Amino acid sequence: MPILIAIIGAATAFYFFVIRARNAANIATDMMDMANDVRLAARRFGFKRQTNLHPVESIEDPNLAITAIALSFLELNDLPTQDQRNAMVVQAQSTLGISKTDAEEMMVLGRWLMNECNGADGAISRISRKLFKLDGANGFDPLMTLVKSALPEDGLNDKQRDALDDIKRAFKIR
């Protein structure tokens, strides 16, 4: 009887080790796929990271900056659902006049930029200033259209109000 229990225990342990190894391999593959998505999106938009320069300073496309700010604003409320992300892609298509593929890739690159700014709070202020440098006051209207599409139904929270103030400061609006 003890031998039978030992065999069953060894088989169970082997099974769990194999499953964990397989799950670890799947997670590693997923992480590599996400990194590849960001790399491909950056290449498609001509984004080149320069040494000793923050990635936000390398942005050359105002639409990318607008998308990154709107996505950051959406994340200030809570992690967005897939429906909210899809709605943001559709709104970006119509507001910015870009294809669905471009909008999705801008969302991927915008999320990476947000993470490089240590979160949504820092991203909004920093990317807003960059957008003003790139496009002047012309970037404000499409930005506000996308931000309005990201507004929660229950109203703004304190972080979102502060973010709107940061955007006003960046665009020098009183």
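This note sets out points on aromatic pairs, helix packing, salt bridges and backbone angles in a predicted model.

1. Aromatic pairs. Across the whole structure, a search finds 2 aromatic pairs. In one of them, the ring centres of Phe132 and Phe171 are 5.6 Å apart and the planes stand at 80°, so this pair is edge-to-face. Phe132 belongs to helix H5 (residues 120-135), while Phe171 belongs to the segment after helix H7 (158-170); the pair therefore ties together parts that are 39 residues apart in sequence.

2. The pair of Phe140 and Phe171. Phe171 is buried, with a relative accessible area of 6%. The ring of Phe171 also pairs with that of Phe140: the centres are 5.3 Å apart and the planes lie at 65°, so this pair is edge-to-face. Distant parts of the chain are linked here too, since Phe140 is in helix H6 (residues 140-149) and Phe171 in the segment after H7, 31 residues apart.

3. The aromatic cluster. Through these ring pairs, Phe132, Phe140 and Phe171 are linked into a cluster. Where Phe171 is buried at 6%, Phe132 is partly exposed, with a relative accessible area of 23%. Phe140 is likewise partly exposed, and its relative accessible area is 21%.

4. Helix H6 and its cover. Helix H6 contributes Phe140 to the pair with Phe171. Buried residues in H6 are Pro142, Leu143, Met144, Leu146 and Val147. The elements that cover the buried residues of H6 include helix H2 (62-77), helix H3 (82-96), H5 and H7. A reader viewing the model may wish to look at H6 with these helices displayed around it.

5. Packing of H2 against H3. The axes of these two helices, H2 and H3, come within 11 Å and cross at roughly 150°. This angle makes H2 roughly antiparallel to H3, because angles over 145 degrees count as such. The crossing of H2 and H3 is right-handed. On the H2 side, the residues that meet H3 are Asn63, Ile66, Thr67, Ala70, Leu71 and Leu74. Their counterparts in H3 are Gln84, Met88 and Leu96.

6. The structure holds 3 salt bridges. In one of these, the side chains of Glu75 and Arg111 meet at 2.5 Å, N to O. Glu75 is in helix H2 and Arg111 in helix H4 (residues 100-116), so the pair ties together parts that are 36 residues apart in sequence. Glu75 counts as buried, at 15% relative accessibility, whereas Arg111 is partly exposed, with a relative accessible area of 29%.

7. Arg161 forms a salt bridge with Asp158, and the closest N and O atoms are 2.9 Å apart. Both Arg161 and Asp158 lie in helix H7, with a spacing of 3 residues, about one turn of the helix. Arg161 counts as partly exposed at 41% relative accessibility, and Asp158 is exposed, with a relative accessible area of 58%. A further salt bridge joins the side chains of Asp166 and Arg169 (2.3 Å, N to O). Asp166 and Arg169 both lie in helix H7 as well, 3 residues apart, about one turn of the helix. Arg169 counts as exposed, at 56% relative accessibility.

8. Positive phi at Asn118. The phi of Asn118 is near 65°, a positive value in a residue other than glycine. Asn118 counts as exposed, at 74% relative accessibility.

9. Positive phi at Lys172. Lys172 is found in the segment after H7, which also holds Phe171. The phi of Lys172 is near 55°, again a positive value in a residue other than glycine. Lys172 is exposed, with a relative accessible area of 63%, whereas Phe171 is buried at 6%.

Notes. Residues numbered from 1 in each chain as written. Predicted model: local features only at pLDDT ≥ 70, side-chain atom pairs only at ≥ 80, totals over all residues. Heavy atoms only, no water. Phe/Tyr/Trp six-rings, centres within 6.5 Å; stacked < 30°, edge-to-face > 60°. Helix = DSSP H or I, 4+ residues; strand = E, 2+ residues; numbered from the N terminus. Buried < 20%, exposed > 50% of the residue type's maximum accessible area, 1.4 Å probe, protein only. Contact = heavy atoms within 4.5 Å. Salt bridge = Lys/Arg side-chain N within 4 Å of Asp/Glu carboxyl O. Axes fitted to C-alpha atoms, helices over the stretch in contact; angles between N-to-C directions. Parallel < 35°, antiparallel > 145°, perpendicular 65-115°, else oblique. Left-handed = near helix turned anticlockwise from the far one by under 90°.
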